[in-house]
Amino acid sequence: MISGSFAFYRPHTIAEAVAMLATHGDAARLVAGGHSLIPMMKLRMAMPDHLIDVGGIADLKGIKRDGSDWLIGALTTQAELIADQALAAGLPVLRETALQIADPQVRNCGTLGGNIANGDPGNDMPAVMLCLNARFEVTGPGGKRSIPARGFYHGAYVTSLAQDEIVTAVRIAALPPGSAAAYEKLKRKVGDYATAAAAVALGLQDGKINFCSIALTNLAPTPLWAEAAGQALIGRAPGAESFALAGRLAEEITDPSSDARGPAAYRTKMGGVMVRRALARAALAAKT
Amino acid sequence: MNEMSPVPESRQDREAKLEGMGCRRKRVEDVRFTQGRGNYVDDLKLPGMLFGDFHRSSYAHARIKSIDTSKARALPGVVAVLTAADLKPLKLDWMPTLAGDVQAVLAGDKVLFQNQEIAFIVATDRYIAADAADLVEVEYEELPVLVDPFKAMLPDAPILREDIADKTEGAHGQRRHPNHIFTWEIGDREATDLAFRNAAVATKHLIPYQRVHPCPLETCQSVASFDKIKGELTLWGTFQAPHVVRTVASILSSIPEHKIHVIAPDIGGGFGNKVGVYPGYVCSIVASIVTGKPVKWVEDRMENLSTTAFARDYHMTAEIAATPQGKVTGLRVHVLADHGAFDACADPSKWPAGFFNIVTGSYDFPVAHVSVDGVYTNKAPGGVAYRCSFRVTEAAYCIERAMDILAAKLGLDPAELRLRNLIKREQFPYLSALGWEYDSGDYHAALNKALDAVSYPALRAEQKAMQAAFQRGETRQLMGIGVSFFTEIVGAGPSKNCDILGIAMFDSAEIRIHPTGAVIARMGTKSQGQAHETTYAQIIASEIGIPAADIMIEEGNTDTAPYGLGTYGSRSTPTAGAATAMACRKIKAKAQMIAAHLLEVHHDDVEFDIDRFVVKGMPDRFKTMKDISWAAYHAPPPGLEPGLEAVSYYDPPNMTFPFGAYICVMDIDVDTGVCTTRRFYALDDCGTRINPMIIEGQVHGGLTEAFAIAMGQEIVYDEIGNVQGASLMDFFLPTAVETPVWETGFTTTPSPHHPIGAKGVGESPNVGGVPAFSNAVNDAFTFLGSQHIAMPHDPWRVWKAAEALGLQG
Ligand SMILES: Cc1cc2nc3c(=O)[nH]c(=O)nc-3n(C[C@H](O)[C@H](O)[C@H](O)COP(=O)(O)OP(=O)(O)OC[C@H]3O[C@@H](n4cnc5c(N)ncnc54)[C@H](O)[C@@H]3O)c2cc1C
């Protein structure tokens, strides 16, 4: 449980950090809160020679509005997501999700950027990002680009992010009126990754579902956007029957591993249960 | 004169000032613990200290073809690398276990479990040692792996222990297979068989108790410092039994025992994990002798969970014979015990299955028979008593599950079945069918009090209504009520049947009263969080009338403490607590002589009164213990030696038998398998209560561990012996969020043979708690015909159990 040795850097600008990544290539890793990377380093599953701490880059911080979009700096900690009043009122599902992550100590360090860039299917924020159709603002040696979350995750720890790119912020469009989102997570204890979890967003018009997006955590090598499950509910009345249908469709796209949280078949079923419960909660919130 | 104040203090005030037995005195050790000022092994820093780390086996079973340490040695900062080849000339490549077996200190010819110790790297810092551990190269030839204990004694099973393959006689009798360790039998087999032949009703079920780990927050660690000039070894370590470690270290190293100083500083939890002797301790000693420098070894969490002593792994088949009215007439239990690669159980020598013969529990079984087969597998060694007396948790779980299975078969309420079979108050002292003499108890009173406390009939009515609603499809919630009545057997133990490596399991106390009436007392036990510094002082305070605040308790330094067998198996109060009281009484006898001398009366004319000796019938004529202490050093009576101190070595005449009634109410979400403890009521009877607050704390802690075991803990191996989930991500250590709220109650039935009537309590909640949780989960499904759902009751397994009953659509 002792990491290998490494050189440590603390740049103050995005450009500096990008340059360092470019110089050291594959032997370099960014570290933000360190609460995904350092455990891996202690297990010697990650052994970077150069560790670039982005914690000193002021431009990566802050929760802002850009028009109706939310623009959340990559360095925003989970604790800050929980504490932000405007976010809690405008996009409560982020607070709700952050509260389901780990424990207060971890949340004081862990960042939104690290959580989404890590590429671990167990991380909770990526499914929320898929569900809300977020975009990741990225800077590399060639400049800036914006990558849709849907399409960002390719396999466990494999993402669209290039080795020398930094996620600077996450952009999320406000939910349309009459809609609400929810995150349901089944875990064994505080501090545990999901056995299964579901992020949903749902809109209601005239008693019918007019918009629905569903995504899943830790039920495949990547977070999953259950597009068909969401689509199937459009035009239907909210209720146990609709939610069960979405749950079944979501289950169909899962491919979880069997681990100490349970065999694959159980985890798939729990995906369905989480979808049902999240939809029920979102529908209730959308109505009120 | 005696009293300066004009108004004499009331007896009540004098009593209160002592903070003696019965007082909810705050834990004095917490002053340092809560401020981060404890002094643990890893806090120790010595000049020139080196650090050790292990290279460990990747395989569960493989022949070692070669070990190449050259790259590790070449790393700057590495001082030495030890392998079995280095230990062999010193005859230290193997070490004896407490169970009469031997264990490899470093694997030489083959590895027998994953993460087994192969090479010990010594370096100038911890980080270099870890880097070098990675540089050791081992060439293996993989061998077939034996994981399933049920396959251990098949004719074609791979032979694990080639070192003893030809030995047909083990430490506990005949071995009938190279993977067989022992068979232990107790009870009357014929009479039991007859009871089953004549039984109107009989049940039989396999009741497994999964492999778990005590997982103390502080892992196992040591610092060894060998002084070549003096030929003396000082060894600091996480030792629940420091004197035993000193004796073993002397036998192993040939260093004379008086030249070995073993010191156990503060210990961050033991729970049985810190009773045995581990390769890390031995290697730190050897490395210090080799390098001439102090050497520290600190286990990490994964090493702790995957190599130093596990607990349980008992596969119990229990049969009960009964009358149609629910009177039990016989008990038959067979156990398959998985001991891993070496038999390193920490049991008294003559008890290879510990005190498993407490398995008749709290019930009046006329006959019983038990047999236990111990086998080797390719898993880590151990088999320690994880917060329980030796194999008592296993026994209590076995009988409490079996009673519930019988209740279901008879269509009787589980509480009612227990009430019909509990040993009656007038039967004590009670001789059990498997040979124990239970000292005292009032079981019916305890169970009835517990049932009243939770309004048991109302709970059953609510459960019935919920089951009906479930069957109508109106809810997906079920409710289980777990009743557990346990009898513990603690305080090992009498020299007639208890020893460790030939040393009788007495314990000791040495008390010195200083001239000013302040006291230092030392015991042969060793607290790991149990608050001995607080409670032993309370015993002394009540016994000799000196305020607990003026008494310092010291344990763990073998140079100063009298020899004792350490702390585990809830033995401290029954043994060292008794020794403390006995030493006090020696002091009191002398104090009486001194008081009589000072008061110029015959010693028969004075009597002890709270904190003083008083001339009988003349309460104004007295000498306080403070006066007496001063006189003992200043002007001892003619013919008496000066000084006021005493030592007592207490050989208990019998074990003590704490008991309790626990009730757990569980709500189960059938859709996810998530179980939520709605209510948990624990009634404990531990005899005389020394400090009720500490008792409650011990009960809370023990129940939390019981909850962890029943609801989630398991050390899992895959089919090729890879240990799974040996980290706190997967090994269930509940936080405050998961932990239920505990309600506690008590009755008080003193032990008739203990000087202060105390029985020990630290481990009862684990013993009684596990079956209460498991019975609650099982009880939720009994109405659907379920007989036994195995632990741990984590969500997926509960969900699976419901699926097997056709409840998952
Ligand atoms: C006990 C424990 C329990 C946990 N439980 C959960 C849980 O339930 N759910 C959950 O989601 N997470 C959980 N985590 C992980 C935690 O939330 C992490 O903090 C988070 O996943 C990563 O954020 P970080 O800032 O710590 O990233 P780091 O660990 O610093 O980095 C993670 C990865 O992201 C990369 N990275 C970081 N920042 C950037 C950036 N700006 N641009 C590009 N790449 C970047 C790093 O190079 C690294 O590869 C847990 C962690 C612990 C220790």
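The legends below describe close-up views of a predicted model. Local features need pLDDT of at least 70 and side-chain atom pairs count only at pLDDT 80 or more, while totals for chains, interfaces and linings use all residues. Residues are numbered from 1 along each chain as its sequence is written, chains are lettered from A and ligands numbered from 1 in the order in which they are written, and side-chain values use heavy atoms, with hydrogens and water left out.

**View 1. Polar contacts of the ligand.** A polar contact here is a pair of N or O atoms within 3.5 Å. Polar side-chain atoms take part from Gln78(A), 3.1 Å from an oxygen atom of the ligand, and from Tyr193(A), 3.0 Å from a nitrogen atom of the ligand. Ala102(A) instead places a polar backbone atom 3.4 Å from an oxygen atom of the ligand.

**View 2. The contact between chain A and chain B.** Each side is given by residues in contact (heavy atoms within 4.5 Å), with 24 residues from chain A and 24 residues from chain B. The two chains bury about 2000 Å² between them (accessible area, 1.4 Å probe, lost on being put together and summed over both), and 63% of it is on carbon and sulfur atoms.

**View 3. A salt bridge across the interface.** The rule finds five salt bridges between chain A and chain B (a side-chain nitrogen of Lys or Arg within 4 Å of a carboxyl oxygen of Asp or Glu). One of them joins the side chains of Arg276(A) and Asp671(B), at 3.6 Å from N to O.

Note on methods: A polar contact is a pair of N or O atoms within 3.5 Å; within protein, one must be able to donate a hydrogen and the other to accept it, and residues adjacent in sequence count only if both atoms are side-chain atoms.
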